[in-house]
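Me: Please take a close look at the side chains in this structure and how they pair. I would like one connected account, with the cut-offs stated where each term comes in.

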Amino acid sequence: MTRRDLDPSTQTLERSELERPRLFRVLLLNDDYTPMDFVTMVLRRYFRQDQAQAQAIMLSVHQKGQGVAGVYTREVAESKAAQVVAHARQEEYPLELSVEPEAEA
Ligand code: TYC
């Protein structure tokens with residue numbers, strides 16, 4: 001057993017983090033060139049939205065500048081953002097996403 005395991009304050013912190021992992025928003029950012037259909041496809045394929053939801057969020061990003069594609073643990077959020085950017089670059093679209101922590105409860 002390490003010193004860390006014996007320290008009651010770190011034990012408590014580690015346990016609460018395991019029970020309720022911090023969540024991160026994946027934000028879609030608007031740009032002038034990525035086609036609407038590509039963004040809608042991304043929301044369906046990578047963020048598991050149906051056609052109506054995907055279209056509504058895409059339009060909201062187009063009008064307001066950004067919007068939430070989904071909320072995940074940090075690793076999943078970062079991996080989805082990276083996969084989407086890689087896919088967009090293959091098509092030579094400038095689509096950008098950002099990952100930010102949710103406000104803590
Ligand atoms: N503004 C883009 C267009 O007019 C569409 C778009 C929507 C691009 C959402 C990016 O995250 C985005 N073709």
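Reply: A residue is called buried under 20% relative accessible area, exposed over 50%, and partly exposed in between (1.4 Å probe, protein chains only). The model is predicted: local features need pLDDT of at least 70, side-chain atom pairs count only at pLDDT 80 or more, and totals for chains, interfaces and linings use all residues. Residues are numbered from 1 along each chain as its sequence is written, and side-chain values use heavy atoms, with hydrogens and water left out.

Side chains of opposite charge can pair when their charged atoms come close. Across the whole structure, 5 salt bridges are found (Lys or Arg side-chain nitrogen within 4 Å of an Asp or Glu carboxyl oxygen). One of them joins Arg-25 to Glu-100, whose closest N and O atoms are 2.8 Å apart. Helices (H or I, at least four residues) and strands (E, at least two) are DSSP runs, numbered from the N terminus. Glu-100 has a relative accessible area of 28% and is therefore partly exposed. Arg-25 and Glu-100 also belong to a network of salt bridges that takes in Glu-102.

A pair within one helix is next. Arg-74 and Glu-78 form a salt bridge at 3.6 Å, N to O. Both lie in helix α5 (residues 74–90), and because they are 4 residues apart, about one helical turn separates them. The relative accessibility of Arg-74 is 44%, so Arg-74 counts as partly exposed. Glu-78, at 39%, counts as partly exposed too.

Arg-89 makes a salt bridge with Glu-96, and the closest N and O atoms there are 2.9 Å apart. Arg-89 is partly exposed at 36% relative accessibility, and Glu-96 is partly exposed at 39%.

A pair of aromatic rings is described by the distance of the centres and the angle of the planes. The structure has 2 aromatic pairs; rings of Phe, Tyr and Trp (its six-membered ring) pair if their centres lie within 6.5 Å, and planes under 30 degrees apart count as stacked, over 60 as edge-to-face and the rest as tilted. Phe-38 and Tyr-93 make an edge-to-face pair, with 5.1 Å from centre to centre and 65° between the planes. Phe-38 sits in helix α3 and Tyr-93 in the loop between α5 and β3, so the pair ties together parts that are 55 residues apart in sequence. Phe-38 is buried, its relative accessible area being 8%, whereas Tyr-93 is partly exposed at 23%.

Phe-47 and Tyr-72 form a tilted aromatic pair, 6.2 Å centre to centre with 45° between the planes. This pair also links distant parts of the chain: Phe-47 is in the loop between α3 and α4, Tyr-72 is in strand β2, and 25 residues separate them. Phe-47 counts as buried at 5% relative accessibility, and Tyr-72 is buried with a relative accessible area of 19%.
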